[in-house]
Amino acid sequence: MTASWRTHVEPRFAYWKINELRHSDIQAFVSELAVVRSASIVNRCLDVLRGICDMAVMDGRIAKNPCEKIKKPRRTTRKEERRYLTIAQLYRLADASGRWRPLVLTLGLTGLRCGEARALQVKDVDFKKHRLRVYKATRRESREWVTKDTKTHARRDVPMPACVEDVLRPLCEDRAPNDLVFVRDDGKPFDEQTASRKVKNVEGKYWWFCALTTSGTTIMTMHELRHTAASIAISAGANVLLVQRMLGHENPAMTLKTYSDLFDEDMNQVRDAIDANVHDALTAFTTHGE
C-alpha cells in the first residue's frame with residue numbers, strides 16, 4: 001500500500017483538500033490509471049484513497065466517502081502489453097524533458113530502475129570501464145527519502161553506452177564522489193512522477209506527463225523505460241544472460257518470461273541458420289555423392 005500511495009496517489013492528490021474530493025475526481029483517476037497499470041495496482045490505489053476518506057468521514061471532515069460506487073477495472077489474465085519506444089521516440093521524449101534529459105536517456109538506454117537512478121552517486125559512474133555500479137535504491141517512505149539495497153539485494157555493473165556517458169559527464173564533473181548524480185535544484189532526489197494526468201505542478205516537480213504529451217509519446221510510466229532499454233539491447237544482439245544482468249533480474253527465466261516477444265526474432269535467425277546449414281550439408285553430400 002505504501003508503494004501505491006507513493007507512486008500513484010500522492011503525486012495526484014497529496015495537495016488536494018479532503019473536502020474538495022469528488023466522486024468524479026476519483027473515477028477519473030481510476031479510469032486514467034487503468035490505461036497504464038494493471039487492475040490489481042489500480043484497486044490498491046483505490047483502497048488507499050478509500051481508507052483515507054473513511055478516516056475523514058469518522059473525523060467529521062466530510063459527510064460521505066467519495067470513493068463509494070467507483071467503477072473498478074476488470075481483472076484480466078491477458079499478458080500485459082509492453083510499450084517499447086524506438087530510439088528516435090526515446091530521444092524525442094528526452095528532448096521534451098528539459099533538464100531531466102540525461103535521466104530519461106539513462107533510464108531508457110541502461111534499464112536502471114527509478115530508485116536505482118535516484119541513488120546513483122558520482123563515484124558509481126565509471127567512465128574508464130564504461131560501467132554504472134548499481135547497489136542501492138532510494139525510495140520515499142512516510143514522506144522521507146530512504147536508501148536501501150536494490151530490489152534483489154545484489155550489486156551489478158551495467159554497461160554504459162557512449163551516448164549515456166556524454167550526457168552524464170557534465171553532471172559528474174567537478175562533483176564530490178558521494179554527490180548524487182540526478183538531483184533537483186535544491187539538491188534533493190528527483191520526485192516520483194505520475195503518468196495518469198497532468199497534476200498541479202508544485203515547485204516544478206511533476207514534469208513527466210508534460211514531457212509525454214509534448215513529445216507525442218504514448219502514456220507510460222517512467223518505470224516502463226526499462227522495457228525500452230531491454231528492447232534496444234536485444235535488438236543490438238544482447239542475449240538473455242546479458243539482459244538479465246543489465247536489468248538486475250533474479251534469474252534468466254524471469255528475463256525470458258518478461259521479454260519473450262523480443263526474442264522472437266532470435267528464433268527466426270536460428271531457423272534460418274539451421275536451414276542454411278542443412279542446405280550446405282545436403283549440397284556437399286550430393287556433390288561428393290555424384
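The model is predicted: local features need pLDDT of at least 70, side-chain atom pairs count only at pLDDT 80 or more, and totals for chains, interfaces and linings use all residues. Residues are numbered from 1 along each chain as its sequence is written, and side-chain values use heavy atoms, with hydrogens and water left out.

Reader: How many aromatic pairs does the structure hold?
Author: Rings of Phe, Tyr and Trp (its six-membered ring) pair if their centres lie within 6.5 Å. Planes under 30 degrees apart count as stacked, over 60 as edge-to-face and the rest as tilted. The structure's count of aromatic pairs is 5.

Reader: What kind of pair do Phe-13 and Trp-16 form?
Author: Their centres are 5.3 Å apart. The angle between the planes is 70°, and over 60 degrees counts as edge-to-face. The pair is edge-to-face.

Reader: Is Phe-13 buried or exposed?
Author: Buried means under 20% relative accessible area, exposed over 50%, partly exposed in between (1.4 Å probe, protein chains only). Phe-13 has a relative accessible area of 6%, so Phe-13 is buried.

Reader: Why is the pair of Trp-100 and Trp-207 called stacked?
Author: The ring centres are 5.8 Å apart. Stacked needs planes under 30 degrees apart. The pair is stacked because its planes are at 15°.

Reader: How many residues apart are Trp-100 and Trp-207?
Author: Helices here are DSSP runs (H or I, at least four residues), numbered from the N terminus. Trp-100 is in the loop between α4 (87–95) and α5 (101–110). Trp-207 is in the loop between α7 (162–172) and α8 (208–215). The pair links distant parts of the chain, 107 residues apart.

Reader: Which residue has its charged end over the ring of Trp-100?
Author: A charge sits over a ring if NZ of Lys or CZ of Arg is within 6 Å of the ring centre and within 35 degrees of the ring normal. Here the distance to the ring centre is 4.3 Å. The residue is Arg-99.

Reader: Where is Asp-174, a residue with a positive phi?
Author: Most residues other than glycine have a negative phi. Asp-174 has a phi of about 60° although it is not a glycine. At 84% relative accessibility, Asp-174 counts as exposed. Its place is in the loop between α7 and α8.

Methods. Helices (H or I, at least four residues) and strands (E, at least two) are DSSP runs, numbered from the N terminus.
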